[in-house]
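The points begin with a single residue and widen to the whole chain.

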Amino acid sequence: MAKIPYIESEECLACGSCADVCPDVFQMNETLGFAEVVNPQGASEDEIQEAIDMCPAQCIHWKEE
């Protein structure tokens, strides 16, 4: 099974670190005030894991597809 990143939006600090690391996967939604997953296959699992590890709120997680 493939792993897909998801963001617990209510915990997101909107710091933008995930979008900086993986701009093809994560995007800031300025209107709503949190990051969103826009393309879960937009980077390798290692690159996405780097974004997960850098998140200060630790609100990005993996789920099985």
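1. Asn-29 is buried, since its relative accessible area is 17%, and buried here means under 20% relative accessible area, with exposed over 50% and partly exposed in between (1.4 Å probe, protein chains only). The residue belongs to strand β2, which covers residues 26–29. Helices (H or I, at least four residues) and strands (E, at least two) are DSSP runs, numbered from the N terminus.

2. The model is predicted: local features need pLDDT of at least 70, side-chain atom pairs count only at pLDDT 80 or more, and totals for chains, interfaces and linings use all residues. Residues are numbered from 1 along each chain as its sequence is written, and side-chain values use heavy atoms, with hydrogens and water left out.

3. Which polar partner does the side chain of Asn-29 meet at 3.2 Å? The partner is the side chain of Glu-36, in a polar contact; the term denotes a pair of N or O atoms within 3.5 Å, where, within protein, one must be able to donate a hydrogen and the other to accept it, and residues adjacent in sequence count only if both atoms are side-chain atoms. A polar atom of the Asn-29 side chain also lies 2.9 Å from the backbone nitrogen of Leu-32.

4. Leaving aside residues up to four places away in sequence, Asn-29 touches Phe-34, Ala-35 and Glu-36, a contact being heavy atoms within 4.5 Å. With the same exclusion, Ile-7 touches residues including Ala-35, Glu-36, Phe-26 and Ile-60.

5. The largest nonpolar core contains 14 residues, and Ile-7, Phe-26 and Ile-60 have the most contacts inside it. Strand β3 (34–37) and helix α2 (45–54) each supply at least two residues of this core, and α2 gives the largest share, three residues. Such a core is a set of buried Ala, Val, Leu, Ile, Met, Phe, Trp, Tyr and Cys residues joined through side-chain atoms within 4.5 Å. In soluble globular proteins, nonpolar side chains tend to be buried together.

6. The chain has two helices and four strands, in the order β-α-β-β-α-β from the N terminus. Of its contacts with a separation of 6 or more, 55% are between residues 24 or more positions apart.

7. For 65 residues, a compact globule would have a radius of gyration near 11 Å, and the 10 Å of this chain agrees; the radius is taken over C-alpha atoms, and the globule rule is 2.2 Å times the number of residues to the power 0.38. Buried residues make up 31% of the 65 residues.
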